[in-house]
Amino acid sequence: MPEGKLRVYSAPVYYDNKIIGIIVIAQSLNLMDIAMKNLFGIFTIIIPILIGIAILGGIIISNKALKPISHMTKVAREISVGDLSKRLNLPYTNDEIGNLAQTFDMMIEKLENSFKRQKQFTHDASHELRTPIAVIQTQAESALNGTGTKEEYKKALQVILEEAKHMSKLVHDLLFLARSDSNAEKLTIENLNFSELIEGIVNELAPLAENNGLILKIIKNDPSYIRGDQTRIIQLFYNLIDNAIKYTPAGGKVEISVENAGKFIKTSIKDTGIGIPEEHLPHIFERFYRVDKARTRKSGGSGLGLSICQWIVNAHGGKIEVESCEGKGATFVVWLPTSKK
Ligand SMILES: Nc1ncnc2c1ncn2[C@@H]1O[C@H](COP(=O)(O)OP(=O)(O)OP(=O)(O)O)[C@@H](O)[C@H]1O
Ligand SMILES: [Mg+2]
């Protein structure tokens, strides 16, 4: 018979419907007791230890995972104070946090560039306006001295008029660019007979070319049509031909050609003027960019014409290119999507 705590099972034994005996089976519960004690030990000691380890591990892992986020928060706070040169510069990891950090740095980079451009634009605009204002002021002051001749007064007024015209164009161009930046500049699109339009612009500028001792002519004019804003298209080619005339010395020529080139109309404005040095070519469409910074008012503008041209071409779904060799002239090529008559 086993010892200790027992579990007992009994059953009677029958023969001829009479009980002739009882079978008794006993099982020791010692082993079960030991197992229960072990289980109790597991539940009360090992499991809390395991839970503790899990919590600690969770804290360590989440702290590690959230470290970049707290770094982002810190940098974002510093940036909001006004320093846009700050970056996260986290080592790139191909996960959500890594992507977020990279996007964040790219966004700040774009913002910084945009602020820099805006600052430069305001600086350039005020500088450009300061010069004509100073000239007008000096001319008016010396005329008001009252000691000049009639001729001198007339000359002073002429200078004032020239400067006022220059300022008026500058303010007009600046307003155009400001409106285009804020998407307020809307195009009035209609069907345009492009070849006729170019002919009209060239006829209008012919006297100016002649006054400058230049030949301005259309060498090819394929019949072509576009969908566009008439005022803006005129402004675009007026600016380009005006540049060609302005930067070509007397005796030179400016040739215009309009060709159908598949889905586009290719218009080239080719001059034999001073040309643009290669290192300046990537910048000439930037606002206020002039190759010759010290150019006199008589021959130079404010450097806004080409940025306006580029905006107009882009807004019409086209593109503008330039080729030039210093001293040998420049060729501006405008591609505009063609349309049916
Ligand atoms: N056909 C050209 N030949 C030589 N240089 C050119 C020509 N067109 C443009 N440039 C150069 O590119 C610069 C930028 O041209 P853009 O038309 O933007 O300005 P601008 O003519 O100086 O002034 P604005 O057009 O605002 O009156 C010019 O200052 C000039 O240096
Ligand atoms: Mg110009």
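Ala206 is partly exposed, because its relative accessible area is 27%, where buried means under 20% relative accessible area, exposed over 50% and partly exposed in between (1.4 Å probe, protein chains only). Ala206 belongs to helix α4, which covers residues 194-211; helices (H or I, at least four residues) and strands (E, at least two) are DSSP runs, numbered from the N terminus. Along the chain, Ala206 and Lys266 are 60 residues apart, and their C-alpha atoms are separated by 21 Å.

This is a predicted model, in which local features need pLDDT of at least 70 and side-chain atom pairs count only at pLDDT 80 or more, while totals for chains, interfaces and linings use all residues. Residues are numbered from 1 along each chain as its sequence is written, chains are lettered from A and ligands numbered from 1 in the order in which they are written, and side-chain values use heavy atoms, with hydrogens and water left out.

Turning to the whole chain, the protein has 6 helices and 9 strands. Its C-alpha atoms fill a box of roughly 155 × 60 × 35 Å along the principal axes, and its radius of gyration is 43 Å, whereas a compact globule of 341 residues would have one near 20 Å; this radius is taken over C-alpha atoms, and the globule rule is 2.2 Å times the number of residues to the power 0.38. Of the 341 residues in the protein chain, 30% are buried. When contacts (heavy atoms within 4.5 Å) are taken between residues at least 6 apart in sequence, 66% of them join residues at least 24 apart.

Asp16, found in the loop between β1 (6-15) and β2 (18-28), has a positive phi of about 50° although it is not a glycine, and Asp16 counts as exposed because its relative accessibility is 66%. Asn183 is found in the loop between α3 (150-181) and β3 (190-193); the phi of Asn183 is near 60°, a positive value in a residue other than glycine, and at 58% relative accessible area Asn183 is exposed.

A search of the whole structure finds 0 disulfides, a disulfide being a pair of cysteine sulfur atoms within 2.5 Å.
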